[in-house]
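Colleague: I'm new to this one. Could you walk me through a few spots in it?

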Amino acid sequence: MEPVATGVPVTLKDVAKASGVSISTASRALDERGTGSRSAAAAHVRKVAEELGYRRNSFASSLRRGETRTLGVLVPRLSDTVMALMFEHLERAASGRGYFAMVATSGDDPDDERRAAETLLDRNVDGLILATARLDDDLPRRLRQRGVAHALVLRTDGESPSAIGDDEVGGYLAVRHLVDLGHRDIAVVTGPDFTSTGIGRLAGARKAFAEANIEIRDEWLIAAGYGIENGYSAGEALLGNAPGGRPTAIFAANDNIAMGVIAAAHHYRIEIGEDLALVGYNDIPLSARLSTPLTSVRVPLDQIAATAIDLIVNPGKEPHIRKSLPTLIPRESSGAPKHFPR
């Protein structure tokens, strides 16, 4: 193999010449977008390219094709375990389809969300994936009007292509589990009412209550943010010296809220799983490793991520709002009512 001069970048022409093939054949063998040919000739080209130290100019290739093979992902915050996990799954799913994913955060603020989206679009991403959709936000509508390829994950506005969990089914599973254990004094700490997740999980909970002929008490239905501090505040309101008594069970609309409730219960010397049954949502890895492992509703983030990438890569396929079914994972935090009167 004839060496390339030191300090001179190795070109595709060099690889083709050293491999004894045409430039177009070498290009096809080295194209990162596809799975790559398994033929002996293609393997030979790739081996020669590696030995020569060839690096494909992805930027130049993308300019020729009019695409960057890059997707922008917008999440409220990466300090949220679910959002961090969602991005990791999206990154892997994108890589499997020949795309690179880059992330930006919005803090759940519509103005910051729009600025972050425009910044990603200025970098010529081939599509946007939003985990930030609010029911009072018009960014998805603007993207539809501009013809920008995009998909919503975890949350939906009901219009844009979306890959979400079935939140209504999940909320139903959580409360039905508590009802089946014998609880009737059940509180719900739901998510923000500007999110489809908060509304869907509450709708599912209400369905389970109605099915069991349980009328939920207004003071036991608390709308909160999705942070641990929000769960702690809700826990204080539910487990303190409330005149109407305490619930024997709580459904928290995500695991962070549930952990805040656990902290409040500890403050009041209430034992989770003994004095109080608790169910969370999302089943983040920490949930199974708490001192009292948390019963939670598991959402298939890997499936949602793969669906979101497909909605970008294959636009126009129906249905454009696709729901993945959640699963209840029972653990020690949920038990039958004991010390608290029913």
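This is a predicted model: local features need pLDDT of at least 70, side-chain atom pairs count only at pLDDT 80 or more; totals for chains, interfaces and linings use all residues.

Colleague: Let's take helix H2 (residues 23–30): on which residues does the buried part fall?

Modeller: An α-helix has 3.6 residues a turn, so residues three or four places apart point the same way. The buried residues themselves are Ala 26, Ala 29 and Leu 30.

Colleague: Now the open sheet of six strands: which are its edge strands?

Modeller: The order runs S7-S6-S8-S9-S10-S12, with mixed pairing. An edge strand pairs on one side only, and that picks out strand S7 (221–223) and strand S12 (327–329).

Colleague: Inside that sheet, what is the bridge partner of Ile 250 in S9?

Modeller: Strand S8 (residues 249–252) pairs with strand S9 (residues 277–282) in the parallel sense, over three bridges. For Ile 250, the partner in S9 is Leu 278.

Colleague: And Ile 222, is it buried or exposed?

Modeller: Ile 222 lies in strand S7. Residues it touches include Val 188, Val 189, Ala 234 and Leu 238; Val 188 is 34 residues away in sequence, yet 6.4 Å away in space, C-alpha to C-alpha. Buried means under 20% relative accessible area. Ile 222 has 17%, so the answer is buried.

Note on methods:
Residues are numbered from 1 along each chain as its sequence is written. Side-chain values use heavy atoms; hydrogens and water are left out. Buried means under 20% relative accessible area, exposed over 50%, partly exposed in between (1.4 Å probe, protein chains only). Helices (H or I, at least four residues) and strands (E, at least two) are DSSP runs, numbered from the N terminus. Two strands pair if DSSP finds at least two bridges between them. Contact means heavy atoms within 4.5 Å.
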